[in-house]
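Have a look at the model first, and then we can go through a few of its features together.

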Amino acid sequence: MKLKICLLGGTGFVGRSLARRLVGLGHEVRVITRRRERKKRGLLVLPTLQMVEGDVQNPTLLRQHFEGTDAVINVIGILNERGRKGKGFERVHVELPRKVVNVCREVGVRRLLHMSALHAAADAPSHYLRTKARGEEVVHSVEHAAFHVTSFRPSVIFGPQDSFINRFAQLLRVSPMFFPLACPNSRFQPVYIEDVVSAFVQSLDDHHTFGQRYDLCGPKVYTLQELVSYVAAQIGVRRKIIGLNDRLSKLQAACFEFVPGKPFSLDNYGSLQVDSVCEKGFPPIFGIEPSTLESVVPTYLLRRPARSDRYSSWRQLARRQ
């Protein structure tokens with residue numbers, strides 16, 4: 001069945017892959033973005049995708065574009081905010097989901113897919129994880145016979161143009177012989193972007209997923225130091241990776257808060273105190289054998305990026321987007 005879908009966050013890393021997959025399946029996709037012509041390469045040419053400009057925090061705009069849609073997908077999220085009080089996280093991870101579900105119910109949208117975060121919890125040690133938990137509760141609290149919600153909690157997501165593997169590759173290339181790494185023993189279970197997208201797509205019309213919350217992880221657990229060492233080997237640079245103790249890790253986070261782009265923050269440090277790993281494997285309901293990091297990363301990390309891609313990456317690193 002072909003659906004009309006409104007996708008929030010459709011120009012981000014996850015959103016772009018999701019938009020391409022949905023269009024490939026014949027669905028009509030509407031993406032709301034603040035700047036229609038900026039960084040939308042590859043989306044504007046998709047045949048059944050409509051890009052509209054506007055502020056997703058505006059309920060009137062949401063009402064206008066949710067009207068007549070079969071489903072809404074929200075994958076908007078931030079990893080850092082201006083300041084340290086959590087107001088930015090609250091606005092994006094809690095206030096926006098509340099507006100989304102309210103408008104969905106007003107105009108009769110019956111299906112919502114929502115992006116949360118692995119180990120989001122009310123007592124988590126970071127604004128990021130705490131607000132993700134509150135947003136998740138907001139959307140699930142309105143689940144009823146005419147409105148069905150499914151949320152997803154991925155570990156760190158990897159794939160072409162990701163901001164994790166590629167970010168470390170950029171930093172390693174410009175670092176001197178020594179690379180001080182905060183929280184080196186933090187553990188991750190990275191999951192491939194296309195596996196995440198498959199879970200979203202399969203859930204759209206599967207009633208077995210209604211009301212469910214799914215942890216999404218790849219097949220293998222790594223420490224952060226293991227991941228960074230792997231990236232260094234893949235790009236062919238020799239760096240002495242020095243794992244910092246807890247005190248120095250926190251100090252690095254405090255200092256990096258004042259670096260343009262805020263590449264590492266005290267809130268990030270807090271999130272790293274919780275291992276981003278799953279207790280169980282990839283949810284069996286999706287029938288997916290998750291891809292390994294080693295089978296995917298070499299296909300994009302070893303390619304020499306085009307000059308425009310390199311400039312785009314550096315702008316992203318400096319937050320001059």
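## Helix α8 and its neighbours

The buried residues of α8 pack against β8 (178-181) and α9 (266-271), where a contact means heavy atoms within 4.5 Å. Helices (H or I, at least four residues) and strands (E, at least two) are DSSP runs, numbered from the N terminus. In α8, which spans residues 246-256, the buried residues are Ser249, Gln252 and Ala253. They sit on the same side of α8, because the arc they cover around the axis is only 100°; that arc is taken from the directions from the helix axis to the C-beta atoms. Buried here means under 20% relative accessible area, exposed over 50%, and partly exposed in between (1.4 Å probe, protein chains only).

At the start of α8, Asn245 places a side-chain oxygen within 3.2 Å of the backbone nitrogen of Arg247.

## About the model

This is a predicted model, in which local features need pLDDT of at least 70 and side-chain atom pairs count only at pLDDT 80 or more, while totals for chains, interfaces and linings use all residues. Residues are numbered from 1 along each chain as its sequence is written, and side-chain values use heavy atoms, with hydrogens and water left out.

## Cysteines

How many disulfides does a search of the whole structure find? There is one, and it joins Cys217 to Cys278, with an S to S distance of 2.0 Å; a disulfide is a pair of cysteine sulfur atoms within 2.5 Å. Cys217 lies in the loop between β11 (213-216) and β12 (222-223), and Cys278 in the loop between α9 and α10 (293-301), so the pair ties together parts that are 61 residues apart in sequence. The torsion about the S-S bond is about 80°, so this disulfide is right-handed. Both Cys217 and Cys278 are buried.

Cys183 counts as buried at 9% relative accessibility, whereas Cys255 is partly exposed at 43%.

## The chain as a whole

The protein chain has eleven helices and 13 strands. Its radius of gyration is 19 Å, close to the 20 Å that the globule rule gives for 321 residues, so the chain is as compact as a globular protein of that length. The radius is taken over C-alpha atoms, and the rule is 2.2 Å times the number of residues to the power 0.38. Buried residues make up 51% of the 321 residues.

Conventions:
A polar contact is a pair of N or O atoms within 3.5 Å; within protein, one must be able to donate a hydrogen and the other to accept it, and residues adjacent in sequence count only if both atoms are side-chain atoms.
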